[in-house]
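Hello! Here is the structure I promised to pass on to you. Have a look at it first, and then read my notes below.

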Amino acid sequence: MQKQEVINNFLEYEKEKVFQVAKQLLDSIDFEKENNWSEGRPSAPTRDILKSLIVMSYNGMSYRRSQSDLRKLYSEGYIRFFPKKSTLNKYMFDSSIRKIVEELITVCAFSFVDVINTIIVDSTWFCRYIKMTGATHHRKSANVSLPSLKKCVKVHSMCCKDTQVVLCARATLGTVSDITQFIPMFEFILKRGFKIANVLGDKGYSSRENYRWLQEQRIKGSYLMFKDHEDTARSRSMFRKERLLMLRNRPDEWNEMYRFRSLIESMHSAWKRKGNNYIRSKKLEAAELEVLLRVLWHNLAIVAKNMT
């Protein structure tokens with residue numbers, strides 16, 4: 001019981017710090033262009049909507065559980081607009097809010113731009129909200145076997161090896177392949193000014209196209225694990241062949257860097273242990289934004305931790 005009390009106190013402390021960082025970050029951004037209107041009822045302030053969605057993300061997207069936190073933020077002046085449940089539900093389907101959240105995830109990583117040179121790439125699944133019918137009640141179940149990935153949302157993420165801050169995250173349907181997301185996400189962080197020297201990834205990213213692109217970008221520290229049946233005779237690219245020979249002939253040298261790939265697995269596990277290992281939203285657009293809000297909360301918590 002004492003251990004649980006310590007955990008609860010820490011989570012409350014982390015929540016307060018995250019709210020402070022989120023306020024500082026969002027208050028520094030000009031959202032006036034997004035809020036321009038000419039006719040009809042004016043739209044809700046984008047800044048307050050984002051703050052409210054971050055609060056809901058902490059509470060598992062439950063408006064009932066979030067009301068006490070929202071009232072506190074409103075009374076303390078963190079937000080000037082107290083949103084209704086229907087208003088927040090509407091903005092969960094707003095594509096512009098999703099783009100802003102994706103950018104905010106990357107903006108948080110700029111706090112560590114000087115120490116970021118090695119990134120880890122991976123993906124994880126979140127099941128949709130499911131109700132199991134019992135004898136006399138309904139209950140939420142996390143241990144439900146889902147026969148199809150179409151019932152899941154996959155979040156693709158690239159994080160820093162040293163700080164575990166996420167540089168880029170994208171949410172898709174569970175059936176989307178990891179290979180298709182690698183180059184667009186990598187290009188996104190390079191255009192934002194990050195200097196990457198090493199990249200770690202599992203077998204899902206070790207395609208010829210990905211290695212060819214890494215060679216063009218002159219990223220020599222490429223540690224994308226090869227499949228067991230791969231051999232040098234099938235590797236047309238000299239760069240890909242060199243990496244494969246390193247894995248086969250010098251495994252200790254390869255594992256000296258590749259052993260850090262498990263850090264992103266621990267990060268994904270922490271997302272599901274601190275919150276729910278399922279998502280509440282039923283529609284795909286809202287479900288994808290929900291997982292992106294979890295990633296944003298993770299980055300805000302890392303920034304808050306390093307500010308103390």
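Of the 308 residues of the protein chain, 48% count as buried, where buried means under 20% relative accessible area and exposed over 50%, with a 1.4 Å probe and protein chains only. This is a predicted model, in which local features need pLDDT of at least 70 and side-chain atom pairs count only at pLDDT 80 or more, while totals for chains, interfaces and linings use all residues. Residues are numbered from 1 along each chain as its sequence is written, and side-chain values use heavy atoms, with hydrogens and water left out.

The protein chain contains eleven helices and eight strands; these are DSSP runs numbered from the N terminus (helices: H or I, at least four residues; strands: E, at least two). If you take the contacts (heavy atoms within 4.5 Å) between residues at least 6 apart in sequence, 67% of them join residues at least 24 apart.

Which residues of α8 are buried? They are F239, R240, R243, L244, M246 and L247. Seen down the axis of α8, these buried residues fall within an arc of 155°, so they line one face of the helix; the arc is taken from the directions from the helix axis to the C-beta atoms. They pack against α7 (208-216), β7 (221-224) and α9 (251-258), whereas the face turned away from the buried side carries the exposed residues M238 and N249.

Next, find T106 in helix α5 (residues 95-109). T106 is buried, with a relative accessible area of 1%. Beyond its neighbours within four places in sequence, T106 is in contact with L167, C168, F188, R192 and F194.

Finally, the largest pocket holds about 960 Å³ of space. A pocket here is an open set of points on a 1 Å grid over the protein atoms alone, where a 1.4 Å probe fits, with protein on both sides within 12 Å along at least five of seven lines; lining residues have an atom within 4 Å of a point. The largest pocket is lined by 31 residues, and E14, K274, W297, H298 and A301 lie nearest its centre. Helix α11 gives the largest share of this lining, eight residues.

Enjoy exploring!

Notes. Points joined across faces, edges and corners; volume = space filled by probe spheres on them.
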